Amino acid sequence: MGLFSKDIATLHDLFLHTLQDIYYAEHQILKALPKMIDKATAPALKKGFELHLTETEGQIARLERAFASLDEKAKAVTCPAIDGIIKEANEIIGEVSDKSVLDAALIMAAQAVEHYEITRYGTLIAWATEMGHTEVASLLAETLAEEKATDEKLTAMAESKTNAKAAAVSA
């Protein structure tokens with residue numbers, strides 16, 4: 001049985017497990033975002049997190065439509081990866097006292113989450129396409145586009161102001 005909750009014998013089994021994994025991850029992200037919104041000090045960063053909270057709600061709804069398209073119940077399986085990413089983010093954020101450095105840390109944490117999601121959604125789309133689940137692939141592609149756009153916005157924010165402000169902080 002290994003690392004997974006049940007034996008995985010086929011690509012469909014692996015696909016479904018990974019879909020359940022990202023469903024869990026999105027719910028954990030939905031729980032984490034309000035804390036990130038609260039901690040963010042830059043108005044643009046706070047607004048970006050608020051937008052992503054709304055997007056995440058839509059992404060969960062899309063995943064539920066994907067499960068329905070596959071005649072499967074929307075179900076989550078624990079995702080140790082996202083749990084670890086969020087735990088690390090909380091630890092780092094809890095150690096930062098300067099607001100400028102805190103915003104840089106929040107961006108770093110958010111990008112770790114985005115990069116995880118991008119890898120998962122990209123893989124899921126490839127597998128859905130391979131198995132002929134075109135509706136599911138389309139739903140997942142919509143989410144992947146949002147995740148990539150969020151990552152690009154975070155990079156732009158970090159490179160345009162946040163990192164420079166954080167670098168200017170002296171001990």
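Colleague: Where is the place of Asp71?
Modeller: This is a predicted model: local features need pLDDT of at least 70, side-chain atom pairs count only at pLDDT 80 or more, and totals for chains, interfaces and linings use all residues. Residues are numbered from 1 along each chain as its sequence is written, and side-chain values use heavy atoms, with hydrogens and water left out. Helices (H or I, at least four residues) and strands (E, at least two) are DSSP runs, numbered from the N terminus. On that basis, Asp71 is placed in the loop between α2 and α3.

Colleague: Is Asp71 buried or exposed?
Modeller: Buried means under 20% relative accessible area, exposed over 50%, partly exposed in between (1.4 Å probe, protein chains only). Asp71 has a relative accessible area of 72%, so it counts as exposed.

Colleague: And Leu70, buried or exposed?
Modeller: Leu70 is also in the loop between α2 and α3. Its relative accessible area is 13%, so Leu70 is buried.

Colleague: Which residues is Leu70 in contact with, leaving aside neighbours within four places in sequence?
Modeller: Contact means heavy atoms within 4.5 Å. By that test, the partners of Leu70 are Phe15, Leu19, His133 and Val136.

Colleague: How far apart in space are Leu70 and Asp83, C-alpha to C-alpha?
Modeller: In sequence, Leu70 and Asp83 are 13 residues apart. In space, their C-alpha atoms are separated by 27 Å.

Colleague: How many Å does α2 reach from its first C-alpha to its last?
Modeller: α2 has 27 residues. The expected span of a helix is 1.5 Å times one less than its number of residues. For α2 that expectation is 39 Å, and the model comes close to it, at 39 Å.

Colleague: What covers the buried residues of α2?
Modeller: The buried residues of α2 include Leu45, Phe49, Leu53, Ile60 and Leu63, and also His52, Glu55 and Arg62. Their cover includes α1, α4 and α5.

Colleague: Which aromatic pair does the structure hold?
Modeller: Rings of Phe, Tyr and Trp (its six-membered ring) pair if their centres lie within 6.5 Å; planes under 30 degrees apart count as stacked, over 60 as edge-to-face and the rest as tilted. The search of the whole structure finds 1 pair. It is edge-to-face, 5.4 Å centre to centre with 75° between the planes, and joins Tyr23 and Phe67.

Colleague: Which helices does that pair link?
Modeller: Tyr23 and Phe67 are both buried. They are 44 residues apart, so-called distant parts of the chain, in α1 and α2.

Colleague: Which residues touch the most other members of the largest nonpolar core?
Modeller: A nonpolar core is a set of buried Ala, Val, Leu, Ile, Met, Phe, Trp, Tyr and Cys residues joined through side-chain atoms within 4.5 Å. The largest one has 47 residues, and the members touching the most others are Leu19, Phe49, Ile82 and Leu140. At least two core residues come from each of α1, α2, α3, α4 and α5. So the names asked for, by definition buried, are Leu19, Phe49, Ile82 and Leu140.

Colleague: What radius of gyration does the protein have?
Modeller: The radius is taken over C-alpha atoms, and the globule rule is 2.2 Å times the number of residues to the power 0.38. With 171 residues, a compact globule would come near 16 Å, which agrees with the protein's 17 Å.
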